[in-house]
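Colleague: Could you take me through the helix packing here, and then the pockets?
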Amino acid sequence: EVAAAFVHPLDAPFTPSLVNTVSFLVNMFIQTSTILVNYIGEPFCVSLRQNKPLLYSVCGAYALLLALLTGAITELNESMEMVPMPTELSWIIGGAMAANLVVCWVVERVMAAAFPARLSPVAKVLAEGAK
């Protein structure tokens with residue numbers, strides 16, 4: 001009888017909450033910033049400016065994230081089942097995201113300069129030929 005009343009959380013209907021909203025926004029930010037910060041670019045790939053699909057995808061994801069975070073488009077937040085956040089919480093999360101992106105980018109660039117990638121002789125020839 002008790003087992004029949006139990007509903008596993010994955011089987012339960014989705015109920016929007018502040019925790020779900022914040023979790024989605026932070027998860028989306030982490031995935032997007034990981035791609036942006038870790039994108040190597042030249043000489044191994046085309047630069048981010050030349051990779052228009054990736055550049056537009058990242059910019060679009062950040063625009064969507066900003067719209068969701070600020071609640072600028074109420075219909076969008078409602079259709080994605082986002083719970084309205086207190087303004088102070090939005091500022092805190094937005095500031096933490098911006099600071100995280102800047103710090104991660106700076107650390108990535110410092111580490112890349114401190115520990116430059118070594119190219120094999122074949123890769124050096126290919127890199128020179130690509131220029």
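Modeller: Helices α2 and α3 cross in a left-handed manner, that is, the near helix is turned anticlockwise from the far one by less than a right angle. Helices are DSSP runs (H or I, at least four residues), numbered from the N terminus. This is a predicted model, in which local features need pLDDT of at least 70, side-chain atom pairs count only at pLDDT 80 or more, and totals for chains, interfaces and linings use all residues. Residues are numbered from 1 along each chain as its sequence is written, and side-chain values use heavy atoms, with hydrogens and water left out.

Colleague: At what angle do α2 and α3 pack?

Modeller: α2 (residues 18–38) packs on α3 (residues 52–70) at about 155°, with the axes 10 Å apart. The axes are lines fitted to C-alpha atoms over the stretch in contact, and angles run from 0 to 180 degrees between N-to-C directions. α2 is therefore roughly antiparallel to α3 (an angle over 145 degrees).

Colleague: Which residues of α2 and α3 make the contact?

Modeller: Among them are Phe24 and Met28 of α2, and Val58 and Leu65 of α3; contact means heavy atoms within 4.5 Å.

Colleague: Changing topic, how much space lies in the largest pocket?

Modeller: The largest pocket holds about 310 Å³, a volume being the space filled by probe spheres set on grid points joined across faces, edges and corners. A pocket is an open set of points on a 1 Å grid, where a 1.4 Å probe fits, with protein on both sides within 12 Å along at least five of seven lines; lining residues have an atom within 4 Å of a point.

Colleague: Which element supplies the largest share of its lining?

Modeller: α5 does, with five residues.

Methods
Helices (H or I, at least four residues) and strands (E, at least two) are DSSP runs, numbered from the N terminus. Angles under 35 degrees count as roughly parallel, over 145 as roughly antiparallel, 65 to 115 as roughly perpendicular and the rest as oblique.
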